[in-house]
Amino acid sequence: GEGVAALDLGLIDVAPVPDLIWMKSGAKLRVIAPSEEVLPSLSNVVCVATEAATQNQGDKIRAIIRARRKAIQFMHEHPEEAADIIAATNRIDRDKTRALVKTLLAVKVDGRSYWNEGRIYFDGIDRMLKLQESIGNVQPPYNVEKFTDLRFLPDDLKEPVR
């Protein structure tokens with residue numbers, strides 16, 4: 001949302017706009033290029049837990065990961081119903097949300113789906129960290145692999161991509 005606010009104020013001329021924000025404010029904006037055409041694969045969603053949670057709530061963490069995976073599978077199997085849930089939850093237009101979900105389900109960047117069932121892509125995480133480093137939000141050194149705990153993932157997703 002801050003990109004749209006900066007555009008509105010004339011502070012910048014171009015900004016990335018997340019899909020749900022685009023749904024609400026896209027009428028006053030113009031697409032220059034869809035992100036999947038100009039950006040490499042990025043990892044913008046990760047599951048984070050405290051050390052105590054990993055020691056004491058492993059079943060809960062596994063359940064959350066399973067539930068998210070089921071949600072992604074549901075979206076692929078029932079895109080219109082999934083879009084209707086998203087539209088109702090976010091109070092946005094149902095037909096536009098259906099079109100967006102259909103589009104995003106077809107998106108592939110570097111052969112990867114927009115919505116991932118839970119596989120870890122270290123290269124995408126590294127790209128996100130480099131971006132955050134470039135704007136001063138993080139400072140190297142960082143070692144994501146050292147702090148990544150794969151034991152909660154389903155067996156077929158435990159092999160990360162580097």
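## Asp155 and Lys158

Asp155 is exposed, since its relative accessible area comes to 66%. In this predicted model, Asp155 pairs up with Lys158 in a salt bridge, with the closest N and O atoms 3.2 Å apart. Lys158 is partly exposed because its relative accessible area is 29%.

Salt bridges with shared partners also link Arg69, Glu117 and Asp156 into one network. By the rule used here, the count of salt bridges comes to 10.

## Bridges that involve helix α5

Now for Asp156 itself. The side chains of Asp156 and Arg69 meet in a salt bridge, at 2.6 Å from N to O. Asp156 sits in the segment after α8 while Arg69 belongs to helix α5, so this pair ties together parts that are 87 residues apart in sequence. Are the two partners buried or exposed? Asp156 counts as partly exposed because its relative accessibility is 46%, whereas Arg69 is buried, with a relative accessible area of 15%.

Helix α5 (residues 58–77) also holds both Arg62 and Asp59, which lie three residues apart, or about one turn of the helix. Their side chains form a salt bridge, at 3.7 Å from N to O. Arg62 is partly exposed at 29% relative accessibility, while Asp59 is exposed, with a relative accessible area of 64%.

Thr54 is part of helix α4 (residues 51–56). Its relative accessible area is 12%, and buried means under 20%, so Thr54 is buried.

Which residues does Thr54 touch, leaving out those up to four places away in sequence? They are Ala49, Ile61, Asp149, Arg151 and Phe152.

## Helix α8 and the segment after it

Helix α8 spans residues 122–134, which makes 13 residues. From first C-alpha to last, α8 reaches 18 Å, close to the 18 Å expected at 1.5 Å a residue. Its buried residues are Phe122, Asp123, Gly124, Ile125 and Leu129. The cover over the buried residues of α8 includes β2 (112–113).

Past the helix, the backbone has a couple of things to look at. Gly136 follows α8 and has a positive phi, near 85°. Then there's Pro141, found in the segment after α8. The peptide bond from Pro140 to Pro141 is cis, with omega near 5°.

Arg91 has a positive phi, near 55°, in a residue other than glycine. Where is Arg91 found? Arg91 is in the loop between α6 (79–90) and α7 (94–106). Arg91 is exposed because its relative accessible area is 77%.

Asp110 isn't a glycine either, yet its phi is positive at about 55°. Asp110 has its place in the loop between β1 (108–109) and β2.

## A nonpolar patch on the surface

Leu9, Leu11 and Ile12 form a nonpolar patch on the surface. Together, the patch residues have about 320 Å² of accessible area.

Of these, Ile12 lies in the loop between α1 (2–8) and α2 (19–25). Ile12 counts as partly exposed because its relative accessibility is 32%. Patch members need over 30% relative accessible area, so Ile12 at 32% clears that cut-off.

Terms used. Residues numbered from 1 in each chain as written. Predicted model: local features only at pLDDT ≥ 70, side-chain atom pairs only at ≥ 80, totals over all residues. Heavy atoms only, no water. Helix = DSSP H or I, 4+ residues; strand = E, 2+ residues; numbered from the N terminus. Expected span 1.5 Å × (residues − 1). Buried < 20%, exposed > 50% of the residue type's maximum accessible area, 1.4 Å probe, protein only. Contact = heavy atoms within 4.5 Å. Patch = residues over 30% accessible without salt bridge, like charges linked within 9 Å, V, L, I, M, F, W, Y side chains within 5 Å. Areas by Shrake-Rupley, 256 points an atom, 1.4 Å probe, with all protein chains shown as cover. Salt bridge = Lys/Arg side-chain N within 4 Å of Asp/Glu carboxyl O.
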